[in-house]
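User: I would like to learn how to read aromatic contacts in a model. Please take me through them step by step.

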Amino acid sequence: MKIAISSVLLLLLTSNVNAFGAFGGAKKAAATAGTQVVSKGKGKAGKVAPVALKEKKGKVALKEKKNNKKVEAKKAPVKKTAPKKAAPAKRKAAPKKAEPKPVVVQAITKKPKPVYPGDNLRVEDMAGILPPVGLFDPLGFGARADANLLRKYREAELTHGRIAMIASLGFLTGEAVAGVTPLFDGKVTGAGITQIGQVPTLFWIFFGIGAFAIETDRTQRMIYDPSTCPPELKNRYNPEYIAGDIGFDPFGLKPDDPAEFKIKQTKELQNGRLAMLASAGFLAQELSNKKGIVENIIGDLNIKALIPEGLLPEGIPFLS
């Protein structure tokens with residue numbers, strides 16, 4: 001029994017010594033050479049495997065390569081990259097304009113002129129047209145005018161003609177009797193254009209009042225009464241009104257026959273047209289040399305040489 005126990009203990013000791021010796025040798029070899037120890041049996045020291053050395057060398061080489069790359073990366077010049085430009089801000093989309101509505105083009109037509117009583121008046125049917133000239137309207141005023149405007153034109157022509165006839169007569173008589181007539185104490189003398197300023201102011205006041213009364217009566221006769229007529233007839237000429245008829249006919253010269261009356265109207269128009277030209281000529285002549293029309297006529301004709309002595313009346317200024 002004792003022999004068996006002692007033999008077992010001996011075996012244990014020997015196995016431990018081999019194990020510890022192998023472990024210690026392997027540890028030293030690994031520490032010094034960095035190799036693995038391989039045991040091949042009991043009590044024998046393991047040999048260093050060549051595979052372990054290769055792996056060790058490979059790891060060292062990999063580390064060196066990594067270190068070299070890091071150094072090269074540090075030494076390599078850093079490429080400067082331009083700063084990225086900020087992307088332009090997106091423009092806000094403009095609000096959509098509302099689509100225009102289709103325009104409906106309508107044909108422009110003139111409104112028909114309203115028809116009034118007597119609106120059929122034509123310029124060809126009016127007085128004042130004589131052969132061989134016929135209707136003299138080079139600017140086409142009469143052709144473009146309606147019946148109401150034609151009446152307005154005729155009224156204006158007659159009024160200006162009558163004033164021109166009185167003015168033409170006034171130039172001649174006023175200058176002929178200057179200094180002789182008892183009117184204004186005979187103090188008004190000289191050319192007709194200078195006599196206006198010599199007339200007393202009171203005369204012009206009464207003259208203005210009389211002219212205003214005549215024109216008011218004429219206006220009331222020729223247009224519709226605005227206080228009683230419908231709105232469409234306001235400021236329109238009454239077709240029943242005869243142009244120039246102010247109710248002044250003290251000698252009863254107006255004929256009852258329409259044809260004869262039209263002839264009288266034409267004569268008045270023709271005399272008025274001539275008087276307008278004559279009075280314009282008188283004004284131009286007197287403004288040019290500051291002499292009266294009678295003085296110009298007598299001076300050019302030399303009447304004193306034509307009249308025998310003793311027959312020439314005395315006291316006439318332009319003959320003295």
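Analyst: Start with exposure. Buried means under 20% relative accessible area, exposed means over 50%, and partly exposed lies in between (1.4 Å probe, protein chains only). Trp-204, with a relative accessible area of 34%, is therefore partly exposed. This is a predicted model: local features need pLDDT of at least 70, side-chain atom pairs count only at pLDDT 80 or more, and totals for chains, interfaces and linings use all residues. Residues are numbered from 1 along each chain as its sequence is written, and side-chain values use heavy atoms, with hydrogens and water left out.

User: How many aromatic pairs does a search of the whole structure find?

Analyst: A pair of aromatic rings is described by the distance of the centres and the angle of the planes. Rings of Phe, Tyr and Trp (its six-membered ring) pair if their centres lie within 6.5 Å; planes under 30 degrees apart count as stacked, over 60 as edge-to-face and the rest as tilted. The search finds 5 aromatic pairs. In one of them, the rings of Phe-171 and Phe-282 have centres 5.5 Å apart and planes at 70°, so this pair is edge-to-face.

User: Which parts of the chain does the pair of Phe-171 and Phe-282 link?

Analyst: Helices are DSSP runs (H or I, at least four residues), numbered from the N terminus. The pair links distant parts: Phe-171 is in helix H4 (residues 147–176) and Phe-282 in helix H7 (residues 258–289), 111 residues apart. Phe-171 counts as buried because its relative accessibility is 12%. Phe-282 is buried too, at 17%.

User: What kind of aromatic pair do Trp-204 and Phe-207 form?

Analyst: Trp-204 and Phe-207 are edge-to-face, with 5.8 Å centre to centre and 85° between the planes. An α-helix has 3.6 residues a turn, so residues three or four places apart point the same way. Trp-204 and Phe-207 are 3 residues apart in helix H6 (residues 201–222), so about one helical turn separates them. Together with Phe-184 and Phe-203, they form one aromatic cluster.

User: Where do charges sit over rings?

Analyst: The test is NZ of Lys or CZ of Arg within 6 Å of the ring centre and within 35 degrees of the ring normal. Arg-144 lies over the face of Phe-141, 5.5 Å from the ring centre. The charged end of Lys-254 sits over the ring of Phe-261, 5.3 Å from its centre. Phe-261 is among the buried residues of H7.

How values were computed. Helix = DSSP H or I, 4+ residues; strand = E, 2+ residues; numbered from the N terminus.
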